[in-house]
Amino acid sequence: MNIRTILMSLVIMAAAATAPLAPARAQGNLFTPAVFVNDRVITRYEIEQNRLFLGLLRQPGNIDELAVERLIEDRLRFDAAAALGISASEEEIIAGMTEFAGRANLTLEEFIQVLARAGVAPETFRSFVEAGLLWRQVVRARFGPRAQITDAEIDRALALASRQSGVQVLLSEIVLPANNPTAQAEAERVAQRLAGQNLSEGAFAAEARARSVSPSRGRGGRLDWLPLGNLPPPVAAQVIGLAPGQVSQPYPVSGAIVLFLLRDLRETGLPEEQALSVEWAEYAVADMAEARRIKGEVDTCDDLYGIALNKPEDRLVRETRALAEVPQSVAMELAQLDDNEVSAEFSRGGQPLLLMLCGRTYELPEGEGPSREEIRNRLISQRLASYADGYLAELRADATIRMQ
């Protein structure tokens, strides 16, 4: 979450303070159970609170669904922490809340006041922060020893960071759906069978056509040549270690598991700039036909403001983030785009989106580059994030979740 996003949200918060109550709020009985996660209860009040909170944070997708999903995952995070005897002190929670508020250049008290005007209780914000704090401790406790980085891995990362010669990769992908326990179990079974294998391009393409839910499915999962620096750092780190014809380890993203086949790799012989951040726009559409129509009407990201004129404000979201902080499924789609190029075949959480790359910010190769310690910390963070995604998916697959 960047400062710009939160500050933009303040406008919505002010409107929300004077807007009519949402239908769910007016219906009463908000404290009745709506979802059971193992032995824990999620009430309708909590769902409504999270719907408001995530809406204020400009989370893309279906806010009603996201509110439920976030609460389910947070229950699993709290359970995992309790099982390991992990807790967060009052000082740690307050510090976390203060840091979050500071991203909008607000004190904690000011941030809570703004939330209150929009109908969001302090307890909702507190729970959001506490779940994140506990989960980071859980991940470090469970996977810290497995996330250690060797000197050889640092050497390879430094070589890539120096960009002595540009590297491009030719990949194929399989995106396995994992948006419910049954699909998750099947995706893990397929991923375990294929990961690390040496497959012909034809064999991998057959698997992609049969199982993948990516738009590349019709092409057998084939992607065009991509600069290695465009890829999300965890993907780039995996891909560079593959031999042509080898399948990567599973790469978890929201609601899916991704596998890559390295078809070829080449060096351009030219210094390559290192992408530091990307700016992109997401425009919510009714279906892919609308996305394809709009694609033919826009030349730059600024043109989307005209398309969004007089439409609900949350239909168009424009963000700038460090490459490592871009949502993984979005980062993979953006990696295939040039500046002001559009993807009209992307969806997230069931919501079709027109995705447009506004531009990349680069670091020139003449810079000194990161230190070995910085590289080590970055690789550890990437590895822990991958473990965390997989572990949360595992907890969800093993949980008993009932909707009322």
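In this predicted model, a polar atom of the arginine 360 side chain lies 3.1 Å from the backbone oxygen of leucine 337. The side chain also reaches the backbone oxygen of leucine 334, at 2.8 Å. Arginine 360 sits in strand S10 (residues 351–363). Which side chain of opposite charge is nearest to arginine 360? It is aspartate 339, 4.4 Å away. A salt bridge needs a nitrogen within 4 Å of a carboxyl oxygen. Arginine 360 is buried yet has no salt bridge.

Elsewhere, the structure holds 22 salt bridges. Three of them are tabulated here.

| Pair | N to O distance |
|---|---|
| Glutamate 48 and arginine 51 | 3.1 Å |
| Arginine 318 and glutamate 279 | 2.8 Å |
| Glutamate 290 and arginine 315 | 3.3 Å |

Glutamate 290 belongs to helix H12 (residues 288–295), and arginine 315 to the loop between helix H13 (303–307) and S8, so their bridge ties together parts 25 residues apart in sequence. Both residues, glutamate 290 and arginine 315, are buried. A network also forms: salt bridges with shared partners join Glu186, Arg189, Arg193, Glu207 and Arg211.

Glutamate 48 and arginine 51 lie 3 residues apart in helix H3 (residues 44–56), about one turn of the helix. Glutamate 48 is buried, at 4% relative accessibility. Arginine 51 is partly exposed, at 22%.

Now the whole protein. It has 15 helices and 11 strands. Of its 404 residues, 47% count as buried. The protein exposes about 19500 Å², with carbon and sulfur atoms supplying 51% of that area. Among contacts between residues at least 6 apart in sequence, 74% join residues at least 24 apart.

Technical notes
Residues are numbered from 1 along each chain as its sequence is written. This is a predicted model: local features need pLDDT of at least 70, side-chain atom pairs count only at pLDDT 80 or more; totals for chains, interfaces and linings use all residues. Side-chain values use heavy atoms; hydrogens and water are left out. Helices (H or I, at least four residues) and strands (E, at least two) are DSSP runs, numbered from the N terminus. Buried means under 20% relative accessible area, exposed over 50%, partly exposed in between (1.4 Å probe, protein chains only). Lys and Arg count as positive and Asp and Glu as negative; His and the chain ends are not counted. A polar contact is a pair of N or O atoms within 3.5 Å; within protein, one must be able to donate a hydrogen and the other to accept it, and residues adjacent in sequence count only if both atoms are side-chain atoms. Contact means heavy atoms within 4.5 Å. Accessible areas come from the Shrake-Rupley method with a 1.4 Å probe; for residues, only the protein chains shown count as cover.
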